[in-house]
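Please walk through this model with an eye to how its parts are held together, beginning with the overall composition and moving on to individual side-chain pairs.

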Amino acid sequence: MATDGANKRLKGRIGALLGILLMALSLRAAVVSVPPLLARIQEDIEFTEFTTGLLAMLAPISFAVFGLLTPRLIRLWGLERTLIISVALAVVGQLARPFMPNVYPFLALSIVTLAGYGMGNVVLPPLVKKYFPDRIGVVTSGYVTMIAIGTWLAPQFSVPFANIGSWKTSIGSWALLSSIVLIPWIMQLFADRRVQRPETQLPVVGGHEIVRINPWKSKVAWGLAIFLAGNSAQTYVYFTWLPPYLHAQGLSEASSGNMLALFAILGLPVSLLVPLWVPRLKNPIIAVGVFTACWIVGHLGIYLSPTSGTWFWVSMAGLGQGTFAIALLMMNLRSRTTYGSGVLSGFAQGLGYAGAAVVPMLFGIVQQASGSWGVAFSMLGVCIVVMLVGAIIINPPRTIEDTAPGAEGEGRLERVQ
């Protein structure tokens, strides 16, 4: 009987694990596969400075908008169907945009693609909560690691793929990876129908009263959104400005690009470490402090000594990306139910990416207006402070469901209409 129970619990979990990891691997392909090919794309599609800047802002803005919308879609369609729809949008957008004759249809289909991935960002944490409530740390470690690998993989192979075919072949080819994600999740819809998963229902307060979490009145939700905004802003500044800054300070174009690749790949080891280490800590802010110190050393070193010991300063900043892995992990550590995880994930990523979207643009505006990289770099100090404020708020062991009426908390749950 025990064996039958174990088999029943395992049924569908292998497919779910495969689907979660493949989705994580594909999440960043549409974002990071285009910039290395922009010079080639401009031979066919005219990008101005304005539309190039707009392209750079599309990812965080799309992630923000669809992050806020996705919890509603999850309530309507369920986790698996929402993920399948998100993947379908990403595939359609990636396949169609290479055939656009000018820039604005290209950008419009990029939004379709990023809308799909923005929904996928939100769905992954509650899927982990639903299928692996007993292995949250391990599975989170796996999927955050796959995000890091995907972030490195797409820019690494975009140019070789374009050399084999064309830039259209290259950016369209990543749709194949997204298409493969559909296979385990379509199978999951059939395989999982008769298997009861824990914590898939809405929270219940006062007997059988079904209620809805209002994240706008939850300190947990606001704290995680603030934490993610401060972290992501720093990362987007590095992805946007690290190569041009280092090149302006005297490094070659190739070396500057290599430093960005080093920064990106260092997200991999911390992605493996954080979900296995942080759940063991009584106060997660200890881990935040360690990675924040890495960020600070990296920022200061890159600004004060950009051409001496550059690899070390970039490595320290790269290790600071452990704060991103903490943010993703806390979406499950600060929720008790799959529903709560979805609401927290959508709210934190929606507002977090919205806040992060404007910082790279402001970084460039401030640098150009002041003529000083120092003034621009001071913005990274502000991001550090914002991130630490969020970390302090989410450090206490409370969950977004603790905002129920009568519970010790600061928000409330509203009846579902």
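A residue is called buried when its relative accessible area is under 20%, exposed when that value is over 50%, and partly exposed in between, with a 1.4 Å probe and protein chains only. The model is a predicted one, in which local features need pLDDT of at least 70 and side-chain atom pairs count only at pLDDT 80 or more, while totals for chains, interfaces and linings use all residues. Residues are numbered from 1 along each chain as its sequence is written, and side-chain values use heavy atoms, with hydrogens and water left out.

The protein chain has 17 helices and 3 strands, these elements being DSSP runs numbered from the N terminus (H or I over at least four residues for helices, E over at least two for strands). Of the 417 residues in the protein chain, 53% are buried. If contact is taken to mean heavy atoms within 4.5 Å, then among the contacts between residues at least 6 apart in sequence, 82% join residues at least 24 apart. The accessible surface, computed by the Shrake-Rupley method with a 1.4 Å probe, comes to about 17,700 Å², and 67% of this surface belongs to carbon and sulfur atoms.

Turning to charged side chains, the structure holds 4 salt bridges, each defined by a side-chain nitrogen of Lys or Arg within 4 Å of a carboxyl oxygen of Asp or Glu. One of them joins R13 and D134, with an N to O distance of 3.0 Å. This pair links distant parts of the chain, since R13 belongs to helix α2 (residues 13–26) and D134 to the loop between α7 (103–131) and α8 (136–164), 121 residues apart. Through shared partners, R13, D134 and R135 are joined into one network of salt bridges.

A further salt bridge brings together the side chains of K130 and E80 at 2.7 Å, N to O. Here K130 in helix α7 is linked to E80 in helix α6 (residues 79–96), 50 residues away in the chain. K130 is buried, with a relative accessible area of 12%, and E80 is buried as well, at 9%.

Rings of Phe, Tyr and Trp (its six-membered ring) pair if their centres lie within 6.5 Å, and planes under 30 degrees apart count as stacked, over 60 as edge-to-face and the rest as tilted. By this rule there are 24 aromatic pairs. F63 and Y353 make an edge-to-face pair, 5.4 Å from centre to centre and with 65 degrees between the planes. Because F63 lies in helix α5 (residues 49–77) and Y353 in helix α16 (residues 338–370), the pair ties together parts that are 290 residues apart in sequence. F63 is buried at 1% relative accessible area, and Y353 is buried at 2%.

Among the remaining aromatic residues, ring pairs link W241, Y245, Y303, F363, W373 and F377 into a cluster.
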